[in-house]
Amino acid sequence: MIPGSKTHSLTSNEIEKIIALGFQFEGIATLYEEFINTNFPNFNLLLFSKLINDILSPLCHTVVHKFIHLNNLATPEIHFEYYSDDCSDEINGLALLRIFSWQNGELIVTHDYFRLPASVRGKGIAKQVFRASLQQYINMGVKKILVHAALKDGGYVWARNFFTA
């Protein structure tokens, strides 16, 4: 069960812990916590990064790339990327891309890409990732989750979780 909304203000100490998990920040040069707290209030990026890393890292058998792109555009965005060297391999690849953005004054999250190694599909991993994500979406006041269900299991997985076209 997902509890109600929680407030959070990201700190520089938390940024250091995210970097210690192996994530690289890209986009803006400094003051990551200020950018996130201003544009994406209540996003506990440390908890989100740790949960995603804890769920996905045991599934990787190659080098893992972890990026958080902070884009200070007319409408600010965060691109959260987690992928293995073999991410394009349909059997062994692992990849996750989430885009947090503002559209017409509403916070939107786009589930742009998610691939799990075939050996772990159907074992509840996607559900764990979704649960970890959903609490942050509630905290941040996300109004819409856009999904792109193009991979083999995508449409089935999203439909089972009550998403509609």
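At 40% relative accessibility, Asp54 counts as partly exposed, a class lying between buried (under 20% relative accessible area) and exposed (over 50%), with a 1.4 Å probe and protein chains only. Lys50 is likewise partly exposed, at 41% relative accessibility. The structure is a predicted model, in which local features need pLDDT of at least 70 and side-chain atom pairs count only at pLDDT 80 or more, while totals for chains, interfaces and linings use all residues. Residues are numbered from 1 along each chain as its sequence is written, and side-chain values use heavy atoms, with hydrogens and water left out.

The side chains of Asp54 and Lys50 meet in a salt bridge, at 2.9 Å from N to O, the criterion being a side-chain nitrogen of Lys or Arg within 4 Å of a carboxyl oxygen of Asp or Glu. By this rule the count comes to one salt bridge. Both residues lie in helix H3, four residues apart, about one turn of the helix; helices are DSSP runs of H or I with at least four residues, and strands are runs of E with at least two, numbered from the N terminus.

Glu14, in helix H1 (residues 12–20), is buried yet has no salt bridge, the nearest side chain of opposite charge, Lys17, being 7.0 Å away; here Lys and Arg count as positive and Asp and Glu as negative, whereas His and the chain ends are not counted. A polar atom of the Glu14 side chain lies 2.9 Å from the backbone nitrogen of Thr11.

Asn104, in the loop between strand S4 (95–103) and strand S5 (106–115), has a positive phi of about 50° although it is not a glycine.

Notes: A polar contact is a pair of N or O atoms within 3.5 Å; within protein, one must be able to donate a hydrogen and the other to accept it, and residues adjacent in sequence count only if both atoms are side-chain atoms.
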